[in-house]
Amino acid sequence: MLRWSVRAGAITLALLIGAGTGPASAATGIPRGFLLNEAEATAPPNEIDRDELWWKVDDRTARPLEVDPCGSKRYRDGRTAMRTITLKTSAPSSSSEQLVLYRSARAAAAALDRLRADVRRCTEDRDGYRYSAKPLRVGNDAVWVKHSKKEGRSELYDRFAVVARRGKALILYTTDGGSYTTGSLTGPAKKMAVKVCGIRGVCG
């Protein structure tokens, strides 16, 4: 009886371990630790970082997209799972990583099309910052978004973003205009556009 209990416990433990490490599916959502910045965002901060870096991880599907020119309230757009990681620093500066899974590739494509339309429809916000966009070659479809303001002949950069679609997923990386390079956003977006296909059903 004792040997049977030990074996049953071992089987149960193996099943639990397998459940945690096996391939996830779009139906079960986004696996823990999946986003590129998630390990750093969830690690206990040291004494210096505690006063310099402020990470936040949010799994709400009702949260706005990190690029939202018109302040849209249309969150019921077929989302099935969503994770947003934001970082604010004492510099000050800010950046974000966001992954959204949709019920279908068509729903994800429609979300990206709406975002493009919002950039055109809400070109300038009430503070005088203007949105502009250009296409990118990331995943199945992608767009580069700039949110900037001009004062005289000088252009003050505010925020940049890459928004890409791969299958049923929408991938967003943003940063403010502090110190950025195009690769600092397109690089992670390309990496996630490959990685997200590891979630069963997203790219198939």
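This report describes the strand pairing, the disulfides and the pockets of one protein structure. The model is predicted.

Strand β2 spans residues 79–89, and nine of its eleven residues are buried, so the strand is largely enclosed by the rest of the structure. Buried here stands for a relative accessible area under 20%.

On one side of the account is strand β1, residues 53–58, which runs antiparallel to β2 and is joined to β2 by six bridges. Within this pairing, valine 57 stands opposite isoleucine 85 of β2.

Strand β2 also pairs with strand β3, residues 93–102; this pairing is antiparallel and extends over ten bridges. Arginine 83 has leucine 99 of β3 as its bridge partner. The two strands β2 and β3 form a hairpin, with three residues between them.

In a regular strand, side chains alternate between the two faces of the sheet.

**The disulfides**

The structure contains two disulfides. Counting the bonded cysteines along the chain, they follow the pattern 1-2, 3-4.

| Cysteine | Relative accessible area | Class |
|---|---|---|
| Cysteine 70 | 23% | partly exposed |
| Cysteine 122 | 18% | buried |
| Cysteine 197 | 29% | partly exposed |
| Cysteine 203 | 30% | partly exposed |

Cysteine 122 counts as buried because its relative accessible area of 18% falls under the 20% cut-off. Cysteine 203, at 30% relative accessibility, is partly exposed, as is cysteine 197 at 29%.

**The pockets**

Rolling a probe the size of a water molecule over the atoms shows where empty space is left.

The largest pocket has a volume of about 300 Å³. It is lined by 20 residues, of which Glu66, Val67, Tyr131, His147 and Arg159 are the closest to its centre. Strands β2, β3, β5 (141–151) and β6 (154–166) each contribute at least two residues to the lining of the largest pocket. By class, this lining comprises seven nonpolar, seven polar and six charged residues.

The second largest pocket holds about 150 Å³ of space. Its lining consists of 14 residues, and those nearest its centre are Asn37, Ser95, Ser96, Tyr173 and Thr174. Two or more lining residues come from each of β2, β3, β7 (169–176) and α5 (182–195). The lining of the second largest pocket divides into seven nonpolar, six polar and one charged residues.

Methods:
Residues numbered from 1 in each chain as written. Predicted model: local features only at pLDDT ≥ 70, side-chain atom pairs only at ≥ 80, totals over all residues. Heavy atoms only, no water. Buried < 20%, exposed > 50% of the residue type's maximum accessible area, 1.4 Å probe, protein only. Helix = DSSP H or I, 4+ residues; strand = E, 2+ residues; numbered from the N terminus. Pairing = 2+ DSSP bridges. Disulfide = S-S within 2.5 Å. 1 Å grid on protein atoms, 1.4 Å probe; cavity = no way out; pocket = protein on both sides within 12 Å on 5 of 7 lines; lining within 4 Å. Points joined across faces, edges and corners; volume = space filled by probe spheres on them. Nonpolar A, V, L, I, M, F, W, Y, C, P; charged D, E, K, R; others polar.
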